[in-house]
Amino acid sequence: MLEYSMLYPRTTLSRRSISMDGMWKFCTDAKSAGEQEGWNDGIPGNDRIPVPASFQDFYTEKDIREFAGDVWYEKDMFVPGEWERKKIFIRFGAATHRAVVYVNGRRITEHEGGFLPFLADVTDAVRYNAYNKVVVKVNNELTVTNIPCGETHILPDGKKMNRPYFDFFNYAGLQRSVHLVAVPREYIFDFDLQYALSGKNASVHYAVKTTGEHAVELSLLDQTGKEVATAKGKNGTLEVENARLWRVHDAYLYRLVVRILDGDAIIDEYEQNIGIRTVEVKGTSILLNGESVYLKGFGKHEDSDIAGRGFNICMMKRDFELMKWIGANSFRTAHYPYSEEIYEMADQEGFLVIDEVAAVGMFESLMNFMEASTGKKTAFFEKETTPILLKAHKRAIEELITRDKNHPCVIAWSLLNEPETTNEAAVPYFKEVFELAHALDVQKRPRTFALIMNSVPGACKCYSFSDIIALNRYYGWYVKGGYEISEAEVLFRKEMDEWKALNLNKPFLFTEYGADTLGMEHKLPSVMWSQEYQEEYLNMTNAVFDSYDFIRGEQIWNFADFQTTEGILRVNGNKKGIFTRQRQPKDAAYLLRKRWKELPPYYKA
Ligand code: CKU
């Protein structure tokens with residue numbers, strides 16, 4: 001069990017949560033000399049930067065955009081006197097990729113893993129009714145002992161540089177919201193929910209963890225605020241008559257209230273929206289509430305101009321509007337867990353989410369995804385450092401599942417993206433991560449990982465771990481693009497026939513397929529990179545998808561153009577977006593919209 005509670009910070013009658021978002025003092029530390037210089041007591045200079053945001057895209061100096069190493073943040077926070085007998089935490093939505101937290105000069109905690117929340121327990125470090133100095137050292141260097149994987153390169157002039165083994169810019173910093181939180185000494189730590197439907201009724205089985213021994217009581221309210229079920233005890237069942245289910249684009253949410261009681265007095269109270277629904281894989285079907293669903297949607301990124309990977313509430317709203325417009329019902333959080341606000345919105349809008357941990361870049365080469373397509377073999381999981389990586393990966397899975405398990409939108413866990421699977425060394429590694437996810441999730445949601453191009457039936461040693469087989473395929477782009485597209489289709493169908501012959505009796509899902517397309521480029525007849533080619537490509541892939549009954553979903557790469565490291569394969573970023581980075585449609589958006597709106601609701605069921 002994690003040493004701190006992952007519950008989203010909320011103010012209730014027993015809890016307080018104050019946003020620490022806004023402008024923070026900021027500086028880079030190229031020499032990693034901050035501690036020696038005493039920066040834990042206060043950082044030098046007078047520069048200020050917004051939180052949440054990536055630090056890279058504000059400045060005009062390339063040395064800052066490309067910076068690899070330590071950066072420092074500082075903010076003064078006032079701690080109210082009436083909180084004196086409470087537990088006080090600072091909750092970081094994420095710090096990419098690792099952080100050390102100081103309060104009033106004192107080292108409080110550290111955390112590694114850049115896309116999941118952590119808490120600094122500052123109860124004994126703060127002064128009440130006074131300002132307290134919070135200083136955070138954040139480091140963005142990539143390694144092969146942490147996820148996502150990559151390396152840090154030293155240039156001849158001594159400057160460090162990020163070398164990701166993945167295809168997105170290594171944005172970093174305090175990219176998510178920071179909260180100052182006060183909870184009672186005895187507080188609600190965590191809870192699990194599990195659903196069973198019978199006829200019109202539903203049972204919500206629950207298990208609540210608290211930090212004490214007082215009685216626990218639960219109450220479930222409908223959207224009008226009417227109480228529809230109650231239960232007592234740390235473990236039990238809420239029986240809901242005539243339950244309204246959580247469905248795609250018809251997402252009914254109940255309000256769950258959990259309390260710790262001392263007689264009639266409330267010691268702690270926590271509230272959260274929940275959705276009643278079941279998820280299951282049966283044969284080649286993905287079942288939501290027992291009904292087959294065909295996934296339509298995207299692999300996305302958290303990525304926008306200026307804010308980088310920073311949580312961007314305006315982009316979030318626009319993205320959901322575009323996904324509704326185009327007829328999507330799902331997305332994958334490629335290639336890392338997203339900001340919690342995004343899952344909350346998916347809960348409300350009724351989108352199905354494949355929740356991915358940041359296990360990307362598990363292929364040893366710089367442009368790994370290119371070389372992987374050529375069939376080049378590497379033994380990524382055979383390194384001396386693999387046990388350290390596995391430990392970090394498992395920790396991230398635990399944090400992910402603990403954070404996201406109670407979102408109705410989360411229907412599956414993606415435990416790796418495009419790892420090297422053709423070597424036996426991958427097998428014991430996979431076994432550990434897949435078993436862990438199963439053990440941690442009481443809902444036993446399906447687990448998957450995205451298979452890279454060379455993970456084909458004859459070569460991949462790991463696909464049988466997956467409950468849903470998720471393929472990333474680029475026939476017609478990396479393989480036989482342009483005028484050779486007819487040959488690409490032949491090869492694509494040949495591979496699908498091989499999968500079919502295995503008779504796995506599992507659903508298949510395309511978690512990636514796509515073609516780079518420049519938003520302004522038109523050409524008749526088509527050439528690769530033109531809008532016309534993106535449509536030609538989609539007509540080919542869609543025909544293949546429609547030919548195989550066991551293909552139960554298509555999530556195109558990518559929702560929008562996004563920033564990557566510069567290089568000869570990328571034109572200021574990856575341009576496979578169906579929308580531009582500014583969230584306007586390319587021509588292919590209209591083609592997809594027509595297809596997705598016309599596919600019958602129970603397609604292939
Ligand atoms: C995408 C073999 C394909 C791997 N896939 C990973 C993703 O992160 C990349 O952006 C390829 C691409 O566009 O090349």
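A nonpolar core is taken here as a set of buried Ala, Val, Leu, Ile, Met, Phe, Trp, Tyr and Cys residues joined through side-chain atoms within 4.5 Å. Buried means under 20% relative accessible area, exposed means over 50%, and partly exposed lies in between (1.4 Å probe, protein chains only). The model is predicted: local features need pLDDT of at least 70, side-chain atom pairs count only at pLDDT 80 or more, and totals for chains, interfaces and linings use all residues. Residues are numbered from 1 along each chain as its sequence is written, and side-chain values use heavy atoms, with hydrogens and water left out.

The largest nonpolar core has 111 residues. Among its members, Phe298, Met362, Leu416 and Met496 touch the most other members. Contacts of Met362 were listed next, with contact meaning heavy atoms within 4.5 Å. Leaving aside neighbours within four places in sequence, Met362 is in contact with Ile147, Cys149, Phe380, Phe381, Leu389, His393, Leu416, Glu418, Pro419, Glu420 and Tyr429. Another core, of 43 residues, lies apart from the largest one. Its members include Trp83, Ala120, Val126 and Val138. In soluble globular proteins, nonpolar side chains tend to be buried together.

The ligand was examined next.

An N or O atom in the side chain of Tyr478 is 2.3 Å from an oxygen atom of the ligand. For Asn574, a polar side-chain atom lies 2.8 Å from a ligand oxygen atom. For Trp557, the separation between a side-chain N or O atom and a ligand oxygen atom is 3.0 Å. The protein covers 99% of the 360 Å² of accessible area that the ligand has on its own. Accessible areas come from the Shrake-Rupley method with a 1.4 Å probe; for residues, only the protein chains shown count as cover.

Backbone geometry was then inspected. Most residues other than glycine have a negative phi, and most peptide bonds are trans. The peptide bond from Ala334 to His335 is cis, with omega near -10°. His335 is in the loop between β26 (330–332) and α3 (340–349). Helices (H or I, at least four residues) and strands (E, at least two) are DSSP runs, numbered from the N terminus. A cis peptide bond also runs from Leu524 to Pro525, with omega near -10°. Pro525 sits in the loop between β31 (508–512) and α8 (531–547).

Positive phi values occur at two asparagines. Asn505 has phi near 55° and lies in the loop between α7 (485–502) and β31. Asn505 counts as exposed because its relative accessibility is 52%. Asn572 has a phi of about 45° and is placed in the loop between β32 (551–557) and α9 (587–598). At 59% relative accessibility, Asn572 also counts as exposed.

Thr386 is in helix α5 (residues 386–404). Its relative accessibility is 9%, so Thr386 counts as buried. Beyond four places in sequence, Thr386 is in contact with Phe380, Phe381 and Tyr429. The C-alpha atoms of Thr386 and Thr145 are separated by 7.0 Å, although the two residues are 241 residues apart along the chain. Gln272 belongs to strand β21 (residues 265–274). Gln272 is buried because its relative accessible area is 10%. Not counting residues up to four places away, Gln272 touches Arg10, Phe191, Tyr254, Arg255, Leu256 and Asn406. Asp264 is in the loop between β20 (254–262) and β21, and counts as exposed at 79% relative accessibility.

Notes: Polar contact = N/O pair within 3.5 Å; in protein donor to acceptor, adjacent residues only side chain to side chain.
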